[in-house]
Amino acid sequence: MVSREPARINPAAAGMPRSGIREIMDAAWGRADVIRLVAGEPDFSTPAHIVEAAHAAAMEGPTGYVASAGIPQLREALATKVRERNGYTVAPEQVIMCQGAVEGIYVTLLALTRAGDEVLMPDPAWPNFLMMARLLNLSAVTYPLTEDAGFVPTVETLERLVTERTRLIVLNSPSNPLGSIIDSARMTELLAFADRHGLWTLSDECYDEITFDASFGSPASIAPDRVVSVYSFSKTYAMTGWRIGYAAAPAELAPTLAKCQEPLLSCVNTPTQFAALAAVSGPQEVVAAMRDAYRARRDRALSVIEGSPLHAFTPRGAFYLWVDVRSIGLASREVAWRLLDERSVAVAPGTAFGGGGEGFVRVSLASSEEHLTEGLRRLVDFAASSVRV
Ligand SMILES: Cc1ncc(COP(=O)(O)O)c(C=O)c1O
């Protein structure tokens, strides 16, 4: 018998970096005294009419498998939502239900790229983009988002990074962790850049309904044929644990995405799809109320920081405050750890979102105003007592 080396774990999976947000979350876990400003999820409960719709579906059915692209009435309602709220037209067949935006982004990358392809991704950014690139053996080329450019991508920078091997660009507006929004003039330039280089655009629009001014627009309303837009119920309707989102894809791509859902998940949880149907077709005042609460917290948070050694970018969307802690003179990971150990406040270190996050921490506004105010006061106090004179 020929002896063989034992099978090894796929290095792409084993070597995938762990989320730097989880590191702090896990350390804060089980400590009752900690003020948690770390997680990216609403502190609101899912509105009752949405929960009731899932309950009715679970009691009365259907509870079996459904089509891998989703139930037709939900895809139809979402095609209407995309037309009315995102400003472009898709047929219901172009809407693919996903297990959260995270899986929608993964299946899109899977369908559009091959191992070794280069993909342009933001830095700082939601860390899962890079993890997915690693799992799919893609070469992630990060483009910096800097304060002097308003934390949005510039064509000038992208032109320096694009090569013959680049296949796709990821855009995330409103941005996690920055809260920046790409306005329509910049978006038009970015789509022209993508077109010049024959790239697909993957637009993560998870926070499309959490915006504080009128600057947000969906890129597919400008270039519908080369943009895949991914949306989520998690943030809009406080449904993070239900695991549902959707992709709106060009007609050319949608059947491939639908087909790929079969081996990945067969279909999204059926009662959850009925909950999502109630969410999108029911009263939207719940969304407005949460958005208003995030805006009020943002303003409160900025007022706590004003006049301190810290400085924060004013978010235009999403529910995060990106705080410049460079005046403290410590690496951002050390700021996060010491804040947890010495002041019992959990925030995410900027470096959890990429090398471009050094010198910053991300504070979640999805926490009660009381916790947010006290947590930020402690951060300000920590900064004031650490700043070198
Ligand atoms: C930018 C961004 N994209 C995608 C997601 C994933 O959302 P979902 O819960 O729908 O998978 C998140 C969640 O934090 C996010 O911040």
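Q: F151: buried or exposed?
A: F151 is buried, since 23 other C-beta atoms lie within 10 Å. A residue counts as buried if 20 or more other C-beta atoms lie within 10 Å of its own, exposed if 12 or fewer, and partly exposed in between, with C-beta atoms placed from the backbone.

Q: And this is what sort of model?
A: This is a predicted model, in which local features need pLDDT of at least 70, side-chain atom pairs count only at pLDDT 80 or more, and totals for chains, interfaces and linings use all residues. Residues are numbered from 1 along each chain as its sequence is written.

Q: Where does F151 sit, and what is its phi?
A: F151 is in the loop between strand 4 (139-144) and helix 7. Helices (H or I, at least four residues) and strands (E, at least two) are DSSP runs, numbered from the N terminus. The phi of F151 is positive, near 55°, and the residue is not a glycine.

Q: Which serine has a positive phi too?
A: S266, with a phi of about 65°, although it is not a glycine. S266 belongs to the loop between helix 9 and helix 10.

Q: Is S266 buried or exposed?
A: S266 counts as exposed, because it has 11 C-beta neighbours inside 10 Å.

Q: Next, cis peptides. Which bond has omega of about -10°?
A: The one joining S173 and P174 is cis with that omega. P174 lies in the loop between strand 5 and helix 8.

Q: And where is P177?
A: P177 is also placed in the loop between strand 5 and helix 8.

Q: On to helix 8 then. How many residues, and what span?
A: Helix 8 (residues 184-196) has 13 residues and spans 18 Å from first C-alpha to last, close to the 18 Å expected at 1.5 Å a residue. The expected span is 1.5 Å times one less than the number of residues.

Q: Which of its residues are buried?
A: In helix 8 they are M187, L190, L191, F193 and A194. These cover an arc of only 155° around the axis, so they are on the same side of helix 8. The arc is taken over the directions from the helix axis to the C-beta atoms.

Q: What do they pack against?
A: The buried residues of helix 8 pack against helix 7 (155-161), strand 5 (166-172) and strand 6 (200-204). Contact here requires C-beta atoms, placed from the backbone, within 7 Å.

Q: What is on the other side, and what follows the helix?
A: A185 and R196 are exposed on the other side of helix 8. After helix 8 comes G198, whose phi is positive, near 65°.

Q: How about helix 13, which residues are buried there?
A: L372, G375, L376, L379, F382 and A383 are the buried residues of helix 13. Their arc, seen down the axis, is within 115°, so they line one face of helix 13. E370, D381 and S385 are exposed on the other side of helix 13.

Q: What covers that buried set?
A: The cover of the buried residues of helix 13 includes strand 1 (35-36), helix 11 (285-305), helix 12 (332-343), strand 11 (345-346) and strand 13 (360-364).

Q: How far does helix 13 reach?
A: Helix 13 (residues 369-386) has 18 residues and reaches 25 Å from its first C-alpha to its last, close to the 26 Å expected.

Q: Switching to helix pairs. At what angle do helix 3 and helix 10 pack?
A: Helix 3 (residues 48-60) and helix 10 (residues 270-281) pack at about 140°, and their axes are 8 Å apart. Axes are lines fitted to C-alpha atoms, for helices over the stretch in contact, and angles run from 0 to 180 degrees between N-to-C directions.

Q: Which residues make the contact?
A: Helix 3 contributes H49, I50, V51, A53, A54, A57 and A58, and helix 10 contributes T270, P271, T272, F274, A275, L277, A278 and A279. By class, the contact of helix 3 with helix 10 has twelve nonpolar, three polar and no charged residues. Nonpolar means Ala, Val, Leu, Ile, Met, Phe, Trp, Tyr, Cys and Pro, charged means Asp, Glu, Lys and Arg, and the others, Gly among them, are polar.

Q: And how do helix 5 and helix 9 cross?
A: The axes of helix 5 (residues 100-112) and helix 9 (residues 254-265) come within 10 Å and cross at roughly 115°. E103, V107, T108, L110 and A111 of helix 5 meet T256, L257, C260, Q261, L264 and L265 of helix 9. The contact of helix 5 with helix 9 has seven nonpolar, three polar and one charged residues.

Technical notes
Two residues are in contact if their C-beta atoms, placed from the backbone, lie within 7 Å.
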